[in-house]
Amino acid sequence: MAQDTLTITDNRTKQTYNLPIEHGTIRAMDLRQIKTGPEDFGLMTYDPAFMNTASCRSSITFIDGDRGILRYRGYPIEVLAEHSTFLEVAYLLLFGDLPTEHELKDWVGEITHHTMLHETTKKFMEGFRYNAHPMAMLVSTVAALSTVYPEAKDIHDPANRLHQIKRLIAKIPSIAAFAYRHSVGFPYVYPDNDLSYAENFMNMLWKMVEPKYVANPVLARALDILFILHADHEQNCSANAMRCVGSSHADPYLTTAAAAAALSGPLHGGANEEVLKMLDEIGSKENVPAYIKKIKEGHGKLMGFGHRVYKNYDPRAKVIKWTAERVFEVTGRNPKLDIALELERIALEDDYFIKRKLYPNVDFYSGIIYQAMGFRPEMFTVLFAIPRTVGWLAQWQEMLNDQEQKIARPRQVWTGYEVRQFVPMGKRSPIAAAR
Ligand code: CMC
């Protein structure tokens, strides 16, 4: 018998099956042959929240959660953060290799020349309520781009796809910045093509009356590093949303909007905003032990802690801590850092967190840097969405090019009624109490 197989004996029928094992997985469809009789549908797996299911083969991002390793296309995240720019990393994620000097120059030029938003998109954004959450504005506006570029529907043409990918990467900072300017009541600032990706974003956020915006180079580099760290993270909730919605062949704007909506939740990208709220609530270092006690008693979660995959220190959190020091040399130290460090120190010594392997994740320190740079907490998840757009698009392309992928359509375990007799209105009993 081949060694790379799994032998299953079905005790209901006493039949034995040999299933091939490849890359440490068996194919769920191989279980379908395991039946009690011809009428039986066949065995399925039940895996709420995809705790142990690989939904695709991928060669984009590798994570070893036990060893705290994150690599894009084979390159360790720490190395990319030190030596690359965000657009270089975007190229790597999308095309599989680091660009040559010439390729990078062309790529940066192409992205830079797509940063303008159509005036109708600007008007669309002007219609949001004055206190609209910038993340909700971003999700809706990305979806609205679908109305501006109807040709994006032709997702089977690789050249057309690449065109939309460039547009999305270029326009997402413009949308993010306009969302911010709208929320503070300032006029929108148009992109400046002389500036780098991060500098131009800062220009669109913070330019006031000066003729030309000049970004602080340390802050621009810090933002670029943060973009690198957030660019992709394999099959997380929003990447899965991107692949799932994209598998129906919806256009890339609508698909990206769906992924961004998934990112907005507090258990995913929305956690960075929640961390800041939590630090505000704690107020000072002295209150940390009492706060941790409350968490251990089951009152809420320590935001920015824990991860489905990392059962070790999140390697991105290490780079962020290092970046924070550089930023604070310019902006002054964010006093919340002391609360965060104390929270981390106590949590990492505590049995509750040790037993559950709960470590700080990327969101734990990012908000403290963002706040020191002048961002309000409502913008934090938007800042996450900008670089993650690249990861979503890389995942989307890989999914579309994968011959094995079809429309994503899970099964269910039916727990409802068998067929019921229709009950006429006059004979129904009230169920409001049960509800
Ligand atoms: N604080 C306190 N307890 C926690 C935390 C936390 N942050 N995270 C997990 N636990 C506990 C959880 O209660 C459970 O305990 P028990 O076994 O006694 O029931 C155990 O640890 C396992 O947790 P889980 O909820 O089964 O783990 P999960 O893989 O389903 O959830 C997570 C992962 C990230 C949603 C979760 O750790 C969490 O809610 N963390 C806080 C939110 C957060 O920081 N999210 C950002 C994630 S990283 C960036 C991103 O994805 O965008």
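Helices (H or I, at least four residues) and strands (E, at least two) are taken here as DSSP runs, numbered from the N terminus. The structure is a predicted model, in which local features need pLDDT of at least 70 and side-chain atom pairs count only at pLDDT 80 or more, while totals for chains, interfaces and linings use all residues. Residues are numbered from 1 along each chain as its sequence is written, and side-chain values use heavy atoms, with hydrogens and water left out.

Glu-22 belongs to the loop between strand S2 (15-20) and S3. With a relative accessibility of 41%, Glu-22 counts as partly exposed, on a scale where buried means under 20% relative accessible area, exposed over 50%, and partly exposed in between (1.4 Å probe, protein chains only). The C-alpha atom of Glu-22 is separated by 8.5 Å from that of Thr-5, a residue 17 positions away along the chain. Glu-22 also takes part in a network of salt bridges, in which it is linked with Arg-27, Arg-57 and Glu-404; a salt bridge is a side-chain nitrogen of Lys or Arg within 4 Å of a carboxyl oxygen of Asp or Glu. The loop between strand S2 (15-20) and strand S3 (61-64) also holds Ala-54, which is exposed at 60% relative accessibility. Between the C-alpha atoms of Ala-54 and Ala-28, which are 26 residues apart along the chain, the separation is 9.9 Å.

Across the whole structure, the search finds 24 salt bridges. One of them joins the side chains of Lys-212 and Asp-192, with a distance of 2.7 Å from N to O. Lys-212 lies in the loop between helix H7 (197-206) and helix H8 (217-229), and Asp-192 in the loop between helix H6 (158-184) and H7, so this pair ties together parts that are 20 residues apart in sequence. Of the two partners, Lys-212 is partly exposed, at 40% relative accessibility, whereas Asp-192 is buried, with a relative accessible area of 16%. A further salt bridge is formed by Lys-294 and Glu-281, whose closest N and O atoms are 3.1 Å apart. This pair links distant parts of the chain, with Lys-294 in helix H12 (residues 288-296) and Glu-281 in helix H11 (residues 271-282), 13 residues apart. Lys-294 is partly exposed, with a relative accessible area of 31%, while Glu-281 counts as exposed at 52%. The side chains of Glu-378 and Arg-376 likewise meet in a salt bridge, at 3.3 Å from N to O; Glu-378 is partly exposed at 26% relative accessibility, and Arg-376 is partly exposed with a relative accessible area of 30%.

His-249 is placed in the loop between helix H9 (237-246) and helix H10 (252-263), and is partly exposed, with a relative accessible area of 41%.

Empty space was examined next. Rolling a probe the size of a water molecule over the atoms shows where empty space is left. On a 1 Å grid over the protein atoms alone, a cavity is a set of points where a 1.4 Å probe fits but cannot get out, and a pocket is an open set with protein on both sides within 12 Å along at least five of seven lines, while lining residues have an atom within 4 Å of a point. The second largest pocket holds about 280 Å³ of space, a volume being the space filled by probe spheres set on the points, which are joined across faces, edges and corners. This pocket is lined by 19 residues, of which Leu-87, Ser-196, Tyr-197, Ala-198 and Asp-224 lie nearest its centre. At least two lining residues come from each of helix H2 (86-95), helix H3 (101-112), H6, H7 and H8, and H7 gives the most, with four residues. By class, the lining divides into nine nonpolar, six polar and four charged residues, where Ala, Val, Leu, Ile, Met, Phe, Trp, Tyr, Cys and Pro count as nonpolar, Asp, Glu, Lys and Arg as charged, and the others, Gly among them, as polar.
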